[in-house]
Amino acid sequence: KLEGLKAIAVTTNGINLTRLLPRLKEAGLNAINISLDTLVPAKFEFIVRRKGTSLSSKATVLILAGILCLLYLQVNCVVMRGFNEDEVLDFVDFTKDLPLDVRFIEYMPFDGKYCCFEILLGQK
């Protein structure tokens, strides 16, 4: 813990968070940004590039772990055309009664050197 710091936060997709959370909390962590772009298990596996990741239990465990550790929680969801724009209301429903904030973030249309405007979901 460093003097003068008011917040220590981490942004994560949560793959290793439940294992690391006790040590992070001990080190002074008091806020978590969970990157969760989908509530569909197959899409989640595609995003994190790992098979066998149980999304529904992962999302629940992450949120409960944060709540039980009394951390400030925020879920960041990047909305992408043709991928998850149909899940926005599901995210609202999933999180509406939980003590956390959800931010719907616009997709940044860059993939290395190339622009990816076709999946940008914004004003037409």
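A polar contact is a pair of N or O atoms within 3.5 Å; within protein, one atom must be able to donate a hydrogen and the other to accept it, and residues adjacent in sequence count only if both atoms are side-chain atoms. The legends below describe a predicted model, in which local features need pLDDT of at least 70 and side-chain atom pairs count only at pLDDT 80 or more, whereas totals for chains, interfaces and linings use all residues. Residues are numbered from 1 along each chain as its sequence is written, and side-chain values use heavy atoms, with hydrogens and water left out.

**View 1. T95 in helix α4.** T95 is placed in helix α4; helices (H or I, at least four residues) and strands (E, at least two) are DSSP runs numbered from the N terminus. The T95 side chain reaches the backbone oxygen of F91 at 2.7 Å. T95 has a relative accessibility of 6% and so counts as buried, where buried means under 20% relative accessible area, exposed over 50% and partly exposed in between (1.4 Å probe, protein chains only). Apart from neighbours within four places in sequence, T95 is in contact (heavy atoms within 4.5 Å) with L100 and V102.

**View 2. The salt-bridge network of K43, D86 and E87.** A salt bridge is a side-chain nitrogen of Lys or Arg within 4 Å of a carboxyl oxygen of Asp or Glu. By this rule the count comes to 3. K43, D86 and E87 are linked in a network of such bridges. D86 meets K43 at 3.8 Å, N to O; because D86 lies in the loop between β3 (72-79) and α4 (88-95) and K43 in helix α2, this pair ties together parts that are 43 residues apart in sequence. In the bridge between E87 and K43, the closest N and O atoms are 3.1 Å apart. E87 lies in the loop between β3 and α4 and K43 in helix α2, so this pair ties together parts 44 residues apart in sequence. D86, at 56% relative accessibility, counts as exposed, whereas E87, at 2%, counts as buried.

**View 3. The K96 and D93 pair.** K96 forms a salt bridge with D93, with the closest N and O atoms 3.1 Å apart. Both K96 and D93 are exposed.

**View 4. D37, a buried residue without a salt bridge.** D37 occupies the loop between β2 (31-35) and α2 (41-48). Although D37 is buried, it has no salt bridge, and the nearest side chain of opposite charge, R103, is 10 Å away; Lys and Arg count as positive and Asp and Glu as negative, while His and the chain ends are not counted. The D37 side chain instead reaches the backbone nitrogen of V78 at 2.8 Å. Not counting residues up to four places away in sequence, D37 touches I47, N76, C77, V78, M80, N84 and F91.

**View 5. The largest nonpolar core.** A nonpolar core is a set of buried Ala, Val, Leu, Ile, Met, Phe, Trp, Tyr and Cys residues joined through side-chain atoms within 4.5 Å. The largest one has 16 residues, and L21, I32, I34, L36 and V75 have the most contacts inside it. At least two residues of this core come from each of α1 (17-26), β2, α2 and β3. The greatest contribution is that of β3, with 4 residues.

**View 6. Helix α2 and the residue after it.** In α2, the buried residues include K43, F44, E45 and V48. R49 follows α2 and has a positive phi, near 60 degrees.
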